[in-house]
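Hello,

Here is the structure for your files, with my notes below it. Please read them alongside the model.

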Amino acid sequence: MKQQRIMKTNELELDAVRKSVREHYGKIGSRGSGYGCRPASGSAPKPSLPGDAVTLSRAIGYSAEDVHSVPDGANLGLGCGNPVAIASLRPGQTVVDLGSGAGFDTFLAAKAVGPEGLVIGVDMTPEMISKARQNKAKGSYGNPGTQGGLPPDDLQPAGAVSRCFGAHRI
Ligand SMILES: C[S@@+](CC[C@H](N)C(=O)[O-])C[C@H]1O[C@@H](n2cnc3c(N)ncnc32)[C@H](O)[C@@H]1O
């Protein structure tokens with residue numbers, strides 16, 4: 001009984017965390033710019049314009065080609081590192097981008113794995129999913145997809161990229 005009550009409390013706490021994360025990133029998704037992964041009160045630069053997102057991305061390891069090869073609106077300045085650069089992706093691989101946002105790293109990973117590869121962007125914030133889909137519709141960017149749930153069970157990714165969690169070979 002006590003155990004059940006503890007589990008219920010934890011579930012409620014987790015729901016509150018999810019709600020808060022969705023609200024935070026939902027606003028950024030709707031507004032179209034962010035503040036990186038740092039706390040809003042930190043001393044690091046806080047981009048608020050699309051141009052600032054490019055400056056921030058260049059400062060944390062994205063090349064000029066990276067920032068200009070994705071659709072406008074995919075880079076929201078939410079960076080704290082460049083996971084695609086350290087993932088050593090190869091053509092034809094399948095990759096999951098966890099916490100894909102508006103698709104910045106998803107599009108870069110799609111370019112790295114090419115048309116024979118597949119990138120699944122996964123995000124818990126509906127505004128981000130819809131932003132990523134709008135961005136995908138802006139042109140031809142390889143084979144990126146974005147969804148709100150978990151990747152399909154039968155997917156066998158070679159790796160996972162995730163801003164703030166780094167790149168992982170599976
Ligand atoms: C710092 S942003 C990075 C977005 C994107 N990768 C980029 O580089 O622009 C983090 C994203 O992860 C999503 N997110 C956070 N926790 C998540 C989780 N547990 N499952 C799925 N998405 C999550 C948020 O909704 C948000 O869009």
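Notes on the model

From the N terminus on, the protein runs α-α-α-α-β-α-β-α-β-β-β, which makes 6 helices and 5 strands. Helices here are DSSP runs of H or I with at least four residues, strands are runs of E with at least two, and both are numbered from the N terminus.

This is a predicted model: local features need pLDDT of at least 70, side-chain atom pairs count only at pLDDT 80 or more, and totals for chains, interfaces and linings use all residues. Residues are numbered from 1 along each chain as its sequence is written.

The ligand is surrounded by 19 residues, and the closest are Tyr25, Gly99, Gly101, Met124 and Thr125. At least two shell residues come from each of α1 (2-31) and α5 (104-113).

How many residues of α5 are buried? The count is 10 of 10, where buried means 20 or more other C-beta atoms within 10 Å of the residue's own, with C-beta atoms placed from the backbone. Among them are the charged residues Asp105 and Lys111. Gly114 follows α5 and has a positive phi, near 75 degrees. Across the protein, 38% of the 170 residues count as buried.

Regards

How values were computed:
Near = placed C-beta within 6 Å. Buried ≥ 20, exposed ≤ 12 C-beta atoms within 10 Å, placed from the backbone.
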